[in-house]
Amino acid sequence: MHRGIMFIICLGLFLGMIVMSGCEGDKGEPGRVGGPGDRGIPGTDPDLDRPQDRYFGIGVVNENELAVAGNKRVFLTFDSTARASRDTVVAARVQIPPLINGIDGEEIEWGEQKSRVRTSLLNTTSGLTDPELFEVVCRAAWDEYYIYTYFQWKERKVSVRTETGDSTIYEVTTSDGPNELVMDALSKIIESIDSSLTPYDTTLFQWIRVPILNVETLFCFYDPIEQETVCVIDTTFGDTTLIWFDSKKGEDKFAVFWGDTDVDNWSDLAFREFFNMPGAGGALPAELFVDAWVWGAGTSNPVSTADDWSLTSRGKAPDVGAASFMINLALPDSVPRYQFYRDPNYKSQLTLQREIYPLWYFDAVGFKPAGWDLNRPVYLPGIISTIPSGSRADIYARATFDDSGGGIWTLEIRRARKTNSGDDVVF
Amino acid sequence: MTYNRFLILAGLLLGLLLLTVLGCDGISGDRGLSGPPGSGGEDYVPPIPENRFFSLAITNNSQRNHNGAPKLYLAFDGKHQAAGDTIYCVQLASGVAPAIDGLDDDGTGWGDKFTDVNLYRAAGDYNFIESARVRSAFDNNYIYFQFRWTEVANAEFGVEVAQNLDPDYWIYPEGGSGNPRRWTKSTTNEDRLNLFFEITPVTRYSSDGCYVTCHTDDAIVNGNFHATRGSRERMDIWHWTSATTNFTGYAMDRYMDNGFSGGVRNDVGMPVFRTNREFTVLAADTTDRPMYMAFDDPHSNSGYPLWDYQIRPMATSGWVAGDKVAGFVNSIPWGSTADIQAIGTYDDGTWTVEMKRSRFTGNGDDVRF
């Protein structure tokens with residue numbers, strides 16, 4: 001009996017295994033097509049995200065365009081957890097933009113972090129006087145659409161003139177080119193005019209009306225008593241002409257360079273080209289791109305802008321559009337094109353350089369040589385201020401000069417992170 | 001016994017049947033195809049601006065005498081009624097924007113919301129303009145305003161219904177008896193509209209409105225000027241005028257703070273107008289006259305607008321007593337002072353002024369919406 005039951009159980013298990021392993025059945029129908037997915041999440045604009053960190057260079061000059069002090073490599077980070085240092089500027093995320101007015105809004109406008117970036121004379125060409133600009137305070141801020149930068153530096157008075165006895169000798173270019181005798185003879189005239197020089201330099205060059213001196217009007221001889229050459233000027237002949245100071249006299253300037261290139265030495269090349277350092281005008285690598293913001297105390301500051309340039313393998317070039325200034329001369333070594341509409345000599349009664357600037361385009365009329373009172377110094381500005389346009393007008397910049405603080409410039413700049421111009425770097 | 005065997009066999013067959021039914025499921029079919037992708041997400045849009053207070057002031061041929069609403073509520077969130085002191089700012093559909101042309105067109109492009117705001121004497125004399133119709137709209141990039149008001153004449157207060165297009169012009173000395181270097185000025189002014197917005201929080205603005213900026217005492221000018229009270233408080237001012245700005249299509253963009261010099265300032269840049277005045281005092285001799293004249297001066301009386309590309313140096317001769325020269329020179333503005341487009345039209349005593357500005361200009365002297 002038990003054996004029979006066991007046999008039946010075993011037989012059942014055996015049959016069950018056959019069923020389990022053998023009854024595959026038919027393959028089912030494919031499943032139905034799924035329903036639509038959920039709606040995508042609202043988009044984001046990657047252009048509004050935190051900008052990428054990058055390096056930049058700064059260059060500053062005090063009157064002499066060649067004697068540039070600066071720092072070729074400063075790191076700008078948008079990581080608010082970083083700490084500002086001498087070579088790292090930490091940009092603050094702001095809700096309310098800083099007021100771009102050249103007045104230091106301090107941490108209320110710019111956030112707590114600021115960097116004291118060391119600067120030094122970068123142009124090693126012999127004969128240049130070190131402007132002794134050793135430090136630039138840098139700040140930066142950003143929001144979804146704009147980037148803001150702040151620079152502050154203190155000038156020092158540096159004489160670029162040479163002294164000979166009790167006479168001050170200036171390099172002067174006449175319409176006939178440099179002439180030492182003429183320069184010597186004119187030195188007293190120019191000295192009396194130039195006595196008002198201040199560290200606030202807004203001029204590219206400056207026109208001064210003086211008598212024309214030619215060979216016939218200069219009589220020079222050696223005075224045995226004084227033991228020197230004496231020149232007697234006879235101004236009864238000849239007319240008058242306008243001369244300007246030599247090009248080494250210029251405006252205070254500040255340049256910011258933004259490299260957007262794989263070229264390692266982009267900053268070196270930018271300084272070389274924009275400050276006419278040795279090798280300027282030479283070959284440039286094909287992939288080079290540097291965006292240059294060039295602020296000038298005379299050329300751009302009255303218009304509240306900075307000149308927008310770029311540097312590529314083809315060399316430096318202004319962005320497309322009109323500049324914020326016009327050079328006030330018809331041709332090199334020629335005469336000014338414009339004068340203040342009330343001259344002569346309405347403006348010349350003013351004795352400070354800063355009072356002849358800016359000469360706005362709407363106040364300028366064609367230059368006329370007649371009618372000047374030559375018993376008074378005559379000033380004509382070297383540039384005419386105008387309204388910039390196009391990509392060249394992308395940058396708002398405003399600076400103030402604080403005499404009371406020993407000559408401190410505070411410069412504030414704003415630019416759109418994305419200008420949609422190929423000649424601008426994107427933040 | 002046979003029965004037991006039969007029972008066992010039946011049990012086996014039943015078990016076999018159960019195993020067949022339960023065990024032979026067959027192979028599942030293939031997985032169905034994926035459904036179509038969901039609809040795309042929405043484009044990025046800037047967040048809807050926060051509701052805020054602002055102030056409105058309107059003058060009639062005056063700089064000082066204004067009726068206004070010192071505190072209006074500008075609602076963006078769609079949860080408020082356009083009534084009382086609340087302006088419903090309509091969110092515009094994509095691709096739709098009102099034309100900024102100073103023409104009402106029965107509100108075309110502005111949506112159906114408007115508020116008739118009651119105006120009160122705010123400073124100076126009452127000017128009898130008791131209400132203004134205000135519309136507002138916004139989209140992802142811009143904010144728009146429209147204001148309509150009707151002027152009211154009152155002989156007793158010297159208020160007239162007029163367009164006022166000749167503000168503050170110069171007059172050559174009458175009868176030739178005066179000093180030709182000292183011109184006189186007309187007493188005319190212009191119609192004005194001012195808006196005030198907080199850029200940074202201004203103390204008590206949410207309760208007192210723009211009154212908190214009026215006649216703040218700086219101990220220098222006897223308290224008779226406008227400024228904020230806190231050192232970091234800043235307000236945006238949109239200043240439209242019937243002559244000096246309206247010819248240009250821009251409003252004057254200004255701001256007010258309590259900085260080192262305090263008061264009202266133009267935004268950074270080239271302003272839309274500036275004073276046409278030469279004023280010098282040399283020894284006992286004073287010169288006070290226009291700095292520029294029109295191309296066809298002297299004696300053209302060409303009036304406004306006098307654009308900066310139309311001016312030339314002032315002539316000292318050729319004038320006739322009573323000749324007029326514009327008191328302001330217009331320029332195409334540049335910089336932050338050129339942020340606001342604004343144009344108004346005048347129709348039988350009613351001004352319709354429309355304005356447009358970027359919600360965010362990136363300028364610290366502008367409010368952000």
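Predicted model: local features only at pLDDT ≥ 70, side-chain atom pairs only at ≥ 80, totals over all residues.
**Entry 1: the interface of chains A and B**

I looked up polar contacts across the interface of chain B and chain A, and the rule finds 17 residue pairs, both partners at pLDDT 80 or more; a polar contact is a pair of N or O atoms within 3.5 Å, where within protein one must be able to donate a hydrogen and the other to accept it, and residues adjacent in sequence count only if both atoms are side-chain atoms.

Which elements give two or more residues to the side of chain B that touches chain A? I found α1 (2-23), β14 (269-270), β16 (278-282), β19 (311-313) and β22 (334-335) of chain B, where helices (H or I, at least four residues) and strands (E, at least two) are DSSP runs numbered from the N terminus. The largest share, six residues, comes from α1(B). I sorted the residues of this side of chain B into 26 nonpolar, 22 polar and 13 charged; Ala, Val, Leu, Ile, Met, Phe, Trp, Tyr, Cys and Pro count as nonpolar, Asp, Glu, Lys and Arg as charged, and the others, Gly among them, as polar.

I then looked up the extent of the interface, and 61 residues of chain B are in contact (heavy atoms within 4.5 Å) with 67 residues of chain A. The area buried between the two chains, meaning the accessible area (1.4 Å probe) that two parts lose on being put together, summed over both, is about 4,800 Å², of which carbon and sulfur atoms give 62%. B:Tyr44, B:Arg232 and B:Trp334 supply 14% of the area that chain B buries against chain A, more than any other three residues.

The count of salt bridges between chain B and chain A is three, a salt bridge being a side-chain nitrogen of Lys or Arg within 4 Å of a carboxyl oxygen of Asp or Glu. One of them joins A:Glu106 and B:Arg232, with the closest N and O atoms 4.0 Å apart.

**Entry 2: two aspartates**

Is A:Asp307 buried or exposed? I found A:Asp307 in strand β17 (residues 307-312) of chain A, and A:Asp307 counts as buried because its relative accessible area is 7%; buried means under 20%, exposed over 50% and partly exposed in between (1.4 Å probe, protein chains only). The side chains of A:Asp307 and A:Arg392 are joined by a polar contact of 2.6 Å. Beyond its neighbours within four places in sequence, A:Asp307 is in contact with residues including A:Trp293, A:Phe325 and A:Ile395.

In chain B I looked up B:Asp366, which lies in the segment after β24 (350-358) and is buried, with a relative accessible area of 3%. Its side chain makes a polar contact of 3.3 Å with the side chain of B:Ser336. B:Asp366 and B:Thr200 are 166 residues apart in sequence, yet 9.7 Å apart in space, C-alpha to C-alpha.

**Entry 3: aromatic pairs**

I searched the whole structure and the result was 49 aromatic pairs over all chains; rings of Phe, Tyr and Trp (its six-membered ring) pair if their centres lie within 6.5 Å, and planes under 30 degrees apart count as stacked, over 60 as edge-to-face and the rest as tilted. The rings of A:Phe340 and A:Tyr341 have centres 4.9 Å apart and planes at 40 degrees, so this pair is tilted.

B:Phe197 and B:Trp238 also form a tilted pair, 4.9 Å centre to centre with 50 degrees between the planes. This pair links distant parts of the chain, with B:Phe197 in strand β10 (residues 192-198) and B:Trp238 in strand β11 (residues 234-241), 41 residues apart. B:Phe197 is buried at a relative accessible area of 0%, and B:Trp238 is buried at 0%.

**Entry 4: helix α4 of chain A**

I looked up helix α4 (residues 266-274) of chain A, which is mostly covered, with eight of its nine residues buried. The buried residues include A:Trp266, A:Leu269 and A:Phe274. Among the elements that cover them are β1 (54-61), β2 (69-77) and β15 (253-259) of chain A. Just after α4(A), A:Asn276 takes a positive phi of about 50 degrees.

Methods: Residues numbered from 1 in each chain as written. Chains lettered and ligands numbered in written order. Heavy atoms only, no water.
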